[in-house]
Amino acid sequence: NLVIPSTVTNNGTTYTVTSIGDGAFLNNGEDVNEVYCTSLTSITIPNTVTSIGNVAFSGCKNLSSITIPNTVTSIGESAFRGCKNLSSITIPNSVTSIGKSAFAFCDYLTSAIISNSLTTIAEEMFFACGRLTEVTIPNGVVSIGDSAFFKCINLTSVVSLRDPAPAIGVVAFDSTHSSITLTVPFNAQEYICTPVNAKAYT
């Protein structure tokens, strides 16, 4: 129900909207943005935007749909943290950088398509996304951060397209489904995980 304009005019001067600023729609339970943030159910971002700031939409608990254009190159830390009703996210291939906890605590997230241009899955990126069942890691990803999928309790399938498979951080897949499987290319030479993480794989 919100379409962010590509331009805004102030005092007769027109400006192009190129970024969603830090905390732009943040709901912290105290800020005046709280009522507005919690009323948002869908957001369309214009193709003039190249960055989404830290905690930009954090706590927008009724947000269920967001369209990210293929002009966006970076998504900040906790940008969508706590968007509990967000059911799916497509991160376009233009995105090369995503901050820590960007989609953490998105309780109803069932589908996440990850940008082919990413090299790192950030720490806690999908922390406690309890309805996420499967994820494909693009072949450009060389490392998966600590706790990236921690407490994704229904995650049963992780497919990595990279050969060699990416380095895997501490408890990256801990507290996931008991029968989780990690699939890597037939000729994958190695993957790295700590002993505490090893039990997450079959």
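These legends walk through several close-up views of one predicted protein model. Residues are numbered from 1 along each chain as its sequence is written, and side-chain values use heavy atoms, with hydrogens and water left out. Because the model is predicted, local features need pLDDT of at least 70 and side-chain atom pairs count only at pLDDT 80 or more, while totals for chains, interfaces and linings use all residues.

**View 1. The whole chain, before we zoom in.** The protein chain has two helices and 17 strands (DSSP runs numbered from the N terminus: H or I of at least four residues for helices, E of at least two for strands). Of its 202 residues, 44% are buried, where buried means under 20% relative accessible area, exposed over 50%, and partly exposed in between (1.4 Å probe, protein chains only). The accessible surface is about 9300 Å², with 49% of that belonging to carbon and sulfur atoms (Shrake-Rupley method, 1.4 Å probe; for residues, only the protein chains shown count as cover). Take the contacts (heavy atoms within 4.5 Å) between residues at least 6 apart in sequence: 36% of them join residues at least 24 apart.

View 2. A disulfide is a covalent bond between the sulfur atoms of two cysteines; the cut-off here is a pair of cysteine sulfur atoms within 2.5 Å. By this rule there is one disulfide, and the sulfur atoms of C37 and C60 sit 2.3 Å apart. The partners come from distant parts of the chain, 23 residues apart: C37 is in helix α1 (residues 33–39), and C60 is in the loop between β6 (51–52) and β7 (65–67). The torsion about their S-S bond is about -130°, so this disulfide is left-handed. Both C37 and C60 are buried.

**View 3. Two cysteines without a bond.** Look for C83, which is in no disulfide: the nearest cysteine sulfur, that of C60, is 5.3 Å away. C83 is buried, at a relative accessible area of 0%.

**View 4. Stacked phenylalanines.** The structure holds eight aromatic pairs (rings of Phe, Tyr and Trp, using the six-membered ring of Trp, with centres within 6.5 Å; planes under 30 degrees apart are stacked, over 60 edge-to-face, the rest tilted). F25 and F57 are stacked, 5.1 Å centre to centre with 5° between the planes. F25 lies in the loop between β4 (19–20) and α1, and F57 in the loop between β6 and β7, so the pair ties together parts 32 residues apart in sequence. Another stacked pair is F80 with F103, at 5.4 Å and 0°. F25, F57, F80, F103, F126, F149 and F173 form one aromatic cluster.

**View 5. Inside the nonpolar core.** A nonpolar core is a set of buried Ala, Val, Leu, Ile, Met, Phe, Trp, Tyr and Cys residues joined through side-chain atoms within 4.5 Å. The largest one has 53 residues, and those with the most contacts inside it are I52, F57, I75, F80, F126 and F149. Leaving out residues up to four places away in sequence, F149 touches residues including I121, F126, L132 and D174.

**View 6. A charge over a ring.** R131 lies over the face of Y108, 3.9 Å from the ring centre (the rule: NZ of Lys or CZ of Arg within 6 Å of the centre and within 35 degrees of the ring normal).
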